[in-house]
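Student: I am new to this structure. Please take a close look at one chain, and then connect what you find there with the other chains.

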Amino acid sequence: MSAEIPKDSWSGTVRTVTLGATPAEGGTRSHVVTVGGQKTLPFMHFEQVAPNRPVVAVEIKDRCPEDWSPLLLEVWGDAAISPAAWAKQAEAAGAHVLVLALSLTGDDGKPTTPQAAVAATKAVLEASGLPLLVFGPGQAEADNELLVAVAEATKGERIALGICEDKNYRTIVAAALANGHCVTARSPMDVNLAKQLNILIHDMGLPLDRILMDPTTGALGYGIEYGYSVMERLRLAALQGDAMTQLPMIVTPGFEAWKTKESKVGRDVPEAWGDWRERAITWETLTAVTLIESGADIVVLRHPESVRRVRQAIDDLMTVPETV
Amino acid sequence: MALSGIQIYKLLPQTNCKDCGFPTCLAFAMKLAAKQVELAACPHVGDDAKAQLSEASEPPVRLVSLKSNGYEVKAGNEVVLFRHEKTFYNKPGLFIRLRDTESPDEIKTRVAAADGYKVIYVGRELALDGFAVEAASRTPAAFSAAINAVRQISHRPLILISRDPAIMAAGLRLVDGERPLMVGADAANWQAMGDLAKQHGAALAVTADTLDGLADLTVKLKDLGVQDLVLDPTAQRLGASLALNTQIRRLALRKNFRPLGYPVIAFPGDADEPAQESILAAHAIAKYAGFIVLDHFAPETAYPLLVLRENIFTDPQKPIQVQPGVYEINNPNADSPVLVTTNFSITYFSVANEVESSGLPAWLVVTDAEGMSVLTAWAAGKFDAERIAKAIKTFNVADKVSVKRVVLPGHVAVLSGELENELPDWEIRVGPREAVDLPAFIKQSL
Amino acid sequence: MVNHMAEHTVTFDTAPQPIHVPTGTLLVEAARLAGVDIHQPCGGQGRCGRCAVVVREGTVRRRSTLRLSGEDVANGYALACQSVVEGNAFITVPPQEAIERRLTTDLTAAAVAVPAGYNPTQAQTVQRVRLSLPPPSMDDQRDDWSRLQTTLRQQAGIELIRASLAQFQQIGRALREGNWRVTAVLDADAWDCPGCPARLIDLQAGHCPEDTPLWGVAVDIGTTTVTLWLVDLLTGQARAQVAEYNRQITRGEDVISRIIYAGKNNGAVELRDLVLETINGLLETACKRVQAQPADVVKATISGNSTMIHLLLKVPAESIRLSPFVTAVNDIPTLTAREVGLNIHPEATIDCLPGVASYVGADITAGVLASGLEDSDGITLFIDVGTNGEIVLGSRDWLVTCACSAGPAFEGSGVVNGMRATKGAIEEVWVNGATFEPTYRVVGGGKPRGLCGSGLIALLAEMSLTGVVDKGGNINTVLPTPRVRLGEHGPEYVVAWADETAHGHDITITRVDVDNLVRAKAAIYAGFTVLAERVGLPLETVERVLVGGSFGKYINVEKAVEIGLLPDKPWDCFHFLGNTSVRGAYLALIDREARARVKAIAARMTYIELSADNTFYEAFTSALFLPHTDLSRFPSVQAVP
Ligand code: SF4
Ligand code: FES
């Protein structure tokens with residue numbers, strides 16, 4: 001009995017997006033990271049070997065995030081109070097790229113100033129040669145103000161500016177356009193909304209190879225299935241030739257997982273939840289790996305042990321087995 | 001192959017007689033295409049049509065169920081490759097493996113922990129499904145002792161692992177009347193194993209490291225009369241397992257390739273490193289395993305896996321919902337406004353994002369509107385004064401604020417009167433229709 | 001070889017004298033030099049076709065003929081903004097109205113025609129007969145009623161009659177007043193019940209003149225608009241056609257609000273009274289036009305969505321909106337005006353047409369009848385662009401239908417400056433892509449008061465094409481024009497300044513209006529795509545698209561495609577039918593055959609519930625974009641320069 005392996009051949013290819021620029025390219029990164037380029041559904045190497053592997057990003061902050069889980073603050077320790085030190089440690093932990101998430105306020109409780117945001121970004125760029133993504137605090141006005149300053153101060157570094165949303169994308173996209181950066185485009189777990197935002201951003205003149213899309217996910221237990229299916233559908237659409245979905249995908253399982261009660265807290269939880277640390281790391285890892293299998297190109301993580309496990313899973317997924 | 005509604009309609013009598021309980025033949029045909037009714041509901045279909053229609057409805061992946069007294073674990077019957085197309089139906093069974101080289105006491109302790117494990121997730125009680133006993137000692141006596149030890153504690157379905165028909169036979173005798181899964185048949189032992197499976201009414205897994213090898217075995221065993229087969233592609237790493245499981249599912253679904261139209265079993269416990277076991281198991285849940293055998297049981301890994309299994313196997317047609325409750329936006333305090341909306345995720349997101357990005361603190365009360373948007377829910381009677389009042393009361397919103405004032409979405413301004421009656425000590429305010437206008441409204445009017 | 005330096009003489013029919021221009025001069029420029037004003041609504045981009053002129057003699061080079069048919073070009077038409085002078089030419093500038101009439105993409109609903117061979121005695125259920133009864137005498141002491149019955153049998157061949165108590169109270173007087181000569185109006189046999197006893201509607205003393213009209217009305221109760229046609233049943237002619245907003249609107253814009261309102265206190269009575277007031281008001285107006293009395297109307301056929309019919313009859317409608325969404329009754333036996341409360345002859349027959357389901361009512365079965373869809377060979381799509389947005393897909397073999405709750409935006413309701421397509425409504429708009437200045441056309445030609453459905457469609461299309469709104473429907477606030485400004489409801493675009501309007505206020509379209517329109521069009525687009533998907537047919541297999549709706553007299557198909565309301569198909573697939581519901585009611589009013597067909601249609605339509613799963617929602621969000629998230633579905637829109 002001989003089974004003929006059914007191979008899909010798709011008309012579409014996911015675009016590649018390159019983050020970071022080396023000195024030769026006008027930046028200061030020690031190397032660049034390229035994601036995307038797939039011609040098959042995730043890891044179907046028997047159809048065609050994927051040109052680029054999924055990438056692990058580690059999220060660091062410009063100031064110590066008091067509201068993060070104690071597990072995270074403990075593991076990063078003193079590094080968490082200095083973006084430069086944190087960047088170094090994240091690199092050592094295995095990050096392929098870094099995400100610097102800016103805070104809404106500084107240590108003094110006053111709104112983060114553009115100067116402070118630029119200083120933090122520069123410190124990170126000096127401390128580590130990894131490509132960088134910079135996310136604003138998530139409020140339209142602050143995002144626009146801080147990201148424009150950061151974009152200008154890092155012209156040519158090809159960082160990714162985030163996060164563009166349908167109600168606030170023009171300023172960030174304009175800053176990326178003017179300074180040679182990329183953007184991340186986030187939409188709320190919906191194939192159509194993701195695509196619409198890509199079209200709107202692209203209509204402003206930003207080339208598609210400078211857009212990462214973030215279809216948003218829920219954590220395990222908090223809607224991961226929607227993120228999972230939206231990503232599968234976006235990738236299917238991309239392969240079927242829909243140009244406006246042919247963008248690499250970034251998701252933030254670290255942020256989502258560490259927001260859940262399961263990861264965040266260790267006390268006053270059901271006994272059936274088991275050991276806190278292992279549970280929290282498993283929560284983050286399973287969220288990340290499940291999404292990688294559905295098409296994520298960049299996962300943004302928080303715990304170094306998760307980074308190690310997810311990287312190992314990626315190695316495993318990228319190994320082309322001889323038997324098939 | 002699946003037929004469309006119109007194709008089925010052409011095979012029906014087209015008299016619109018309503019005997020099937022549907023207003024027209026086409027309505028019935030469309031339900032049939034969606035597999036929501038049985039063909040038998042129409043008493044007037046001709047034999048020809050019947051033959052054509054029933055062929056089209058045979059499941060491409062055979063349903064295999066394991067049974068023990070009172071328990072059943074089902075796998076198979078899947079019809080899609082991607083969960084957004086249609087629900088993945090049968091959640092893969094999660095089993096814990098024990099080896100007969102462990103002492104019966106050790107076995108009992110481990111079984112007791114896993115058997116009694118329960119965890120509550122969104123109101124549902126989740127548990128593991130059964131145990132796998134492996135004849136690692138290669139002696140019938142130790143195997144039997146191990147099975148007995150398990151059975152003293154748990155009555156959940158069993159997977160028996162041995163390639164030696166004699167040892168397997170010893171094990172099977174102990175679980176007469178049940179339907180365990182035997183692992184398994186290979187190129188050498190398939191005949192003896194097949195006979196045992198028939199004799200005991202057990203399901204049988206076939207083991208081979210190529211798809212052709214698996215297909216060979218299932219064809220032979222089917223000829224021998226064994227129907228309930230399971231595939232063990234023996235892939236131990238993520239990449240290989242993903243490729244093999246995908247190929248098997250594609251062959252079954254797209255090519256209607258019957259020799260591989262069976263559920264798959266996975267052994268994440270074979271991973272190189274314990275930390276990878278849960279990752280492999282998670283992968284097996286999402287990517288097409290029917291039975292998953294773990295080596296380790298711990299609440300902190302069982303819980304996430306059980307949750308993932310619930311998530312992946314939810315009905316994709318259900319609208320995306322968020323948990324009803326009170327959501328804190330930008331650290332609200334007692335003076336912050338109270339907003340209400342429904343639990344349809346897009347609705348929730350648009351309201352929450354709008355307010356969040358304005359930096360204004362607020363309490364957002366999310367009511368259970370069965371995942372519908374404000375207008376739809378209101379139309380269907382799922383977002384009315386009564387429900388809103390109930391949410392405000394059950395979530396104890398009054399305790400969180402000093403001013404009892406709640407902002408209704410502008411689209412349901414009509415509810416304000418009734419809501420005043422339901423919540424007499426609250427001030428009811430009608431907010432804007434669109435979420436974008438919320439920040440301005442909060443700044444100007446509250 | 002063309003000499004580029006050459007000067008040519010160009011003569012415009014409306015210019016005082018010819019002018020001389022070099023090769024390559026645009027006709028609009030030549031016209032300007034000649035002192036002829038050629039209007040360029042789209043800013044000379046070759047999009048609107050409104051600058052068409054006729055080249056009577058000589059040649060011009062047409063760079064683009066996008067808006068012209070082959071026939072037009074053969075007849076000398078050229079777009080003045082897209083054509084250049086290459087030799088001497090004589091050019092006529094047609095009046096604007098002539099251009100508009102000729103444009104291929106504007107579809108105007110055909111006028112109503114009485115079906116060929118209409119024969120009232122055969123087709124009509126209501127009969128008027130003149131009777132001469134033998135007076136009673138001591139030898140003939142039959143009662144009045146028996147006397148009437150016998151005479152009816154003998155003189156009109158009508159066997160049995162029924163009459164109401166009120167009638168019995170008047171029979172004697174009518175017979176004697178007319179000196180035993182009377183005119184009787186009877187519902188001779190109910191259309192669906194041949195052989196049933198005939199019912200007396202009216203008995204008048206004396207013989208009325210032969211040519212006195214016998215009045216009936218066809219009524220369409222729309223959620224937003226009520227339409228009434230006053231018909232002479234003897235000739236089949238619709239003698240007056242009137243329409244007005246449904247007065248129930250003040251109690252809620254959509255059927256759901258109405259149902260909820262009806263469930264409260266006195267709501268059901270109030271809503272019934274409001275719709276009766278609306279209809280009775282329309283009756284007055286219509287009757288006045290033809291010098292008739294409402295009491296002369298002896299038959300009414302009523303069409304409307306299920307909710308409207310329930311509310312008219314004060315039948316509880318609550319179950320319509322709650323799962324599993326069933327009506328109290330889909331097919332109501334005939335009633336009398338007295339029971340219903342219509343201000344026509346109290347004994348007049350009221351015939352409510354049958355519906356299919358909660359959200360597919362008589363308006364749609366009537367629409368299918370009027371559109372001829374039930375009898376078409378190829379697969380036909382029927383779209384009713386109304387508040388409920390019902391859709392029917394099928395052919396002679398099968399019919400499926402759904403409703404997609406579009407909202408009243410295209411009927412001009414729920415939009416700040418929206419209005420019905422009556423005098424003063426802007427029904428067509430062009431926006432100049434360079435200056436963002438609009439040009440519009442007003443129904444009735446005077447100053448504008450607002451925008452009707454077709455105007456809104458055109459405006460949205462133009463705003464989208466010229467970048468006044470982006471594909472997401474956001475108004476671009478940084479455009480260099482005072483017409484885009486920040487209003488009370490956020491960004492808005494001014495279509496007409498206060499000094500150009502009839503009421504002295506700016507006519508604007510706001511961001512919220514745009515959202516409403518986009519939602520309405522998205523619901524309709526999603527409705528028919530999902531319907532086609534459910535039966536497993538690609539939209540390409542649809543041969544004809546019939547568009548109905550009470551939103552105006554005409555629709556600009558091209559613009560409706562540009563905003564993604566209608567599928568991107570060749571324009572000749574589309575047929576605009578206007579208000580098909582009232583047309584269907586009209587046909588059922590005058591022809592019992594047609595009435596029987598409506599019933600058959602209702603019985604074989606398969607209703608598809610869109611809310612059963614989330615495919616509709618998916619399709620809806622993907623359509624919430626201009627024209628659509630999947631741009632490949634609208635190749636012709638992308639191709640527009
Ligand atoms: S019972 Fe059969 S013939 Fe009758 S309506 Fe149903 S499907 Fe049609
Ligand atoms: S086409 Fe010439 S002005 Fe519009």
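This is a predicted model: local features need pLDDT of at least 70, side-chain atom pairs count only at pLDDT 80 or more; totals for chains, interfaces and linings use all residues.

Tutor: A residue is called buried when its relative accessible area is under 20%, exposed when that area is over 50%, and partly exposed in between. By this cut-off, 65% of the 324 residues in chain A are buried.

Start with the build of the chain. Chain A contains 11 helices and 10 strands. Its radius of gyration is 19 Å, close to the 20 Å that the globule rule gives for 324 residues, so chain A is as compact as a globular protein of that length. Along the principal axes, the C-alpha atoms of chain A fill a box of roughly 70 × 55 × 35 Å. When contacts between residues at least 6 apart in sequence are taken, 70% of those in chain A join residues at least 24 apart.

Next comes the surface and the charge.

In chain A, the side chains of A:Asp315 and A:Arg53 meet in a salt bridge, with 2.7 Å from N to O. A:Asp315 sits in helix H11 (residues 304-318), while A:Arg53 sits in the loop between strand E2 (33-36) and strand E3 (55-61), so the pair ties together parts of chain A that are 262 residues apart in sequence. A:Asp315 is partly exposed, with a relative accessible area of 38%. A:Arg53 is partly exposed too, at 36% relative accessibility.

One detail of the backbone in chain A also deserves a look. The peptide bond that runs from A:Gly162 to A:Ile163 is cis, with omega near 10°. A:Ile163 belongs to strand E6 (residues 160-164) of chain A.

Now the other chains, beginning with the salt bridges. Over all chains, the structure holds 64 of them. In chain B, one joins the side chains of B:Asp270 and B:Arg97, at 2.8 Å from N to O. B:Asp270 lies in the loop between strand E11 (265-266) and helix H10 (274-286), and B:Arg97 lies in strand E3 (residues 93-99), so this pair ties together parts of chain B that are 173 residues apart in sequence.

Chain C has a salt bridge between C:Glu210 and C:Arg130, whose closest N and O atoms are 2.8 Å apart. This pair links distant parts of the chain, 80 residues apart: C:Glu210 is in the loop between strand E10 (198-205) and strand E11 (215-221), and C:Arg130 is in strand E7 (residues 126-132). C:Glu210 counts as exposed at 58% relative accessibility, and C:Arg130 counts as partly exposed at 33%. Back in chain B, salt bridges that share partners join B:Arg97, B:Arg99, B:Glu134, B:Asp270 and B:Asp295 into one network.

Chain C has 19 helices and 29 strands. For its 641 residues, a compact globule would have a radius of gyration near 26 Å, and chain C has 29 Å, which agrees. Its C-alpha atoms fill a box of roughly 110 × 55 × 50 Å along the principal axes. Of its residues, 60% count as buried. Chain C has 56 positive and 71 negative side chains, with the centres of the two sets 3 Å apart.

The backbone of chain C has its own details. A cis peptide bond runs from C:Leu626 to C:Pro627, with omega near -5°, and C:Pro627 is found in the loop between helix H18 (615-623) and helix H19 (635-639). C:Phe325, though not a glycine, has a positive phi near 60°. This residue lies in the loop between helix H10 (318-321) and strand E15 (335-336) of chain C, and C:Phe325 is partly exposed at 22% relative accessibility.

Methods:
Residues are numbered from 1 along each chain as its sequence is written. Chains are lettered from A and ligands numbered from 1 in the order in which they are written. Side-chain values use heavy atoms; hydrogens and water are left out. Helices (H or I, at least four residues) and strands (E, at least two) are DSSP runs, numbered from the N terminus. The radius of gyration is taken over C-alpha atoms; the globule rule is 2.2 Å times the number of residues to the power 0.38. Buried means under 20% relative accessible area, exposed over 50%, partly exposed in between (1.4 Å probe, protein chains only). Lys and Arg count as positive and Asp and Glu as negative; His and the chain ends are not counted. The place of a charge is taken as NZ of Lys, CZ of Arg, CG of Asp or CD of Glu. Contact means heavy atoms within 4.5 Å. A salt bridge is a side-chain nitrogen of Lys or Arg within 4 Å of a carboxyl oxygen of Asp or Glu.
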